[in-house]
Amino acid sequence: MAERTNRRGRPGYDLDGLLDVAVQVFNERGYDGTSMEVLAGRLGITKSAIYYHVSGKDELLRLGVNRALDALFAVVDEPAATTGPAIDRLEHVVRRSVQVLVDELPFVTLLLRVRGNTRVERQALSRRREFDQVVSDLVKEAEREGSIRPDVDPALTSRLLFGMVNSIIEWYRPARGLRAEHVAEAVTKIAFDGLRSGPA
């Protein structure tokens, strides 16, 4: 589960509120380009008020990427992702991953931009690889079951599926009124109508 707390320091900011702003600034300036001074200035509080909640910006990064990762791993534990034909489980994982991306857009954006420059980033990348492996295994299982066209390479399929999903961070804006379920429906229809070996 995502790490949250209602602990309060200076009035007006709990950890969730501080994390929301920090992730926004990380996405705007880059993690390396964001200092505690910059964060304090954006929040309108002192650095000591930030340190009341966290040990430093690396902890804010850890909380931010883990919020995205925890939500994604929760998807692969859902009943529809663990029972039934592999192709249906794969479609569920892709559909729900799109919904997670839209619902947790700033946090998934942060996750997809980490490059492994710090211990926290390397840990996040390791968990991302674990998630990618789950998806890759589902693709391979669907191929063995004969549900995926035999002329499509499973490894390439995994990369293309989540390349399409992850690209949503570059253009999706909630204010435009496009709902998560509509995006998820479009992605799964485009992807799985082409992937399935039989009639869609």
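Biologist: Before we start, what are the ground rules?

Modeller: The model is predicted, so local features need pLDDT of at least 70, side-chain atom pairs count only at pLDDT 80 or more, and totals for chains, interfaces and linings use all residues. Residues are numbered from 1 along each chain as its sequence is written, and side-chain values use heavy atoms, with hydrogens and water left out.

Biologist: What makes a stretch a helix here, and how many helices does the chain have?

Modeller: Helices are DSSP runs of H or I with at least four residues, strands are runs of E with at least two, and both are numbered from the N terminus. On that basis the chain has 11 helices and 0 strands. The C-alpha atoms fill a box of roughly 60 × 35 × 30 Å along the principal axes.

Biologist: Why is Thr157 called buried?

Modeller: Buried means under 20% relative accessible area, exposed means over 50%, and partly exposed is in between, with a 1.4 Å probe and protein chains only. Thr157, in helix H9, has 4%, so Thr157 is buried. Across the chain, buried residues make up 48% of the 200 residues.

Biologist: What does Thr157 touch?

Modeller: Contact means heavy atoms within 4.5 Å. Not counting residues up to four places away in sequence, Thr157 touches Val139, Val152 and Leu195.

Biologist: And why does Ser167 count as partly exposed?

Modeller: Ser167 has 30% relative accessibility, so Ser167 counts as partly exposed. Ser167 lies in the loop between helix H9 (154–166) and helix H10 (168–171).

Biologist: How do you know that the side chain of Ser167 makes a polar contact with Met164?

Modeller: A polar contact is a pair of N or O atoms within 3.5 Å; within protein, one must be able to donate a hydrogen and the other to accept it, and residues adjacent in sequence count only if both atoms are side-chain atoms. The Ser167 side chain reaches the backbone oxygen of Met164 at 2.7 Å, so the pair meets the distance cut-off.

Biologist: Now the packing. Why are H6 and H9 called roughly parallel?

Modeller: Axes are lines fitted to C-alpha atoms, for helices over the stretch in contact, and angles run from 0 to 180 degrees between N-to-C directions. Helix H6 (residues 86–103) and H9 pack at about 25°, with axes 10 Å apart. That makes H6 roughly parallel to H9, because angles under 35 degrees count as roughly parallel, over 145 as roughly antiparallel, 65 to 115 as roughly perpendicular and the rest as oblique.

Biologist: Which residues of H6 and H9 make that contact?

Modeller: On the H6 side, Leu90, Val93, Val94, Ser97, Val98 and Leu101; on the H9 side, Leu161, Phe162, Val165 and Asn166. By class, that contact has 8 nonpolar, 2 polar and no charged residues. Ala, Val, Leu, Ile, Met, Phe, Trp, Tyr, Cys and Pro count as nonpolar, Asp, Glu, Lys and Arg as charged, and the others, Gly among them, as polar.

Biologist: What makes H9 and H11 roughly antiparallel?

Modeller: H9 and H11 pack at about 160°, with axes 10 Å apart, and they are therefore roughly antiparallel. Thr157, Leu161, Met164 and Val165 in H9 meet Val187, Ile190, Ala191, Phe192 and Leu195 in H11. The residues of this contact divide into 8 nonpolar, 1 polar and no charged.

Biologist: Then why are H1 and H7 oblique?

Modeller: H1 and H7 pack at about 45°, with axes 9 Å apart, and are therefore oblique to each other. Leu19, Asp20, Val23, Phe26 and Asn27 in H1 meet Pro106, Phe107, Thr109, Leu110 and Arg113 in H7. This contact of H1 with H7 has 6 nonpolar, 2 polar and 2 charged residues.

Biologist: How do you know that H7 is largely enclosed by the rest of the structure?

Modeller: In H7 (residues 105–113), 7 of the 9 residues are buried, so helix H7 is largely enclosed. What covers the buried residues of H7 includes helix H1 (15–29), helix H4 (57–76), H6, helix H8 (119–144), H9 and H10.
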